[in-house]
Amino acid sequence: STERDRQEWIDGVRTTRALMNQPAFAAFNGGELSPGPEVQTDEEILDWVSQDAETTYHPCGTCKMGNDDQSVVDPHSFRVHGVEGLRVVDASLMPSIPNANTYAPVMMIAEKAADVILNKDPLPAEHVDFYRHIATENLLL
């Protein structure tokens, strides 16, 4: 719906093509199926996106964590407000849909909840690098 969304789709298709056409993938590359080699221009890519692309959202965000009137789960104990003996430890705590599979974030939620339930001190903070999108033309392939 935004120019950024459109550019990220274009970059995503072009980056995927650049990666899949590397020599290391030659034995596995039976040719592009979708959007197909006939789709080349930015406009053709965006037309394909509008016709055929779909999201793979993972359900989450249905049990808001917090202390306000709209919150369902206490962030310090993972207990459901007003319900004795019930905790929520899953993707429903996430405030928004992640860009990737929910498995890793749910595992982190579960690790944190386990520490809280067992009354264990959290590990110290650690700096960890993470992926940042780069434009296709900047790839050194």
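Start by colouring the protein chain by burial: 21% of its 141 residues are buried, meaning under 20% relative accessible area with a 1.4 Å probe and protein chains only, while exposed means over 50% and partly exposed lies in between. Keep in mind that this is a predicted model, where local features need pLDDT of at least 70, side-chain atom pairs count only at pLDDT 80 or more, and totals for chains, interfaces and linings use all residues. Residues are numbered from 1 along each chain as its sequence is written, and side-chain values use heavy atoms, with hydrogens and water left out.

Next, zoom out to the whole chain. Its C-alpha atoms fill a box of roughly 60 × 30 × 25 Å along the principal axes. The radius of gyration is 21 Å, whereas a compact globule of 141 residues would have one near 14 Å (taken over C-alpha atoms; the globule rule is 2.2 Å times the number of residues to the power 0.38).

Now switch to cartoon. You'll find three helices and zero strands, in the order α-α-α along the sequence. Helices here are DSSP runs of H or I with at least four residues, strands are E runs of at least two, and both are numbered from the N terminus.

Select helix H3, residues 103-117, and pick out Ile 109 inside it. Is Ile 109 buried or exposed? Ile 109 counts as buried because its relative accessible area is 16%.

Finally, show what surrounds Ile 109. Leaving out residues up to four places away in sequence, Ile 109 touches Phe 78, Val 89, Asp 90, Leu 93 and Met 94, where contact means heavy atoms within 4.5 Å.
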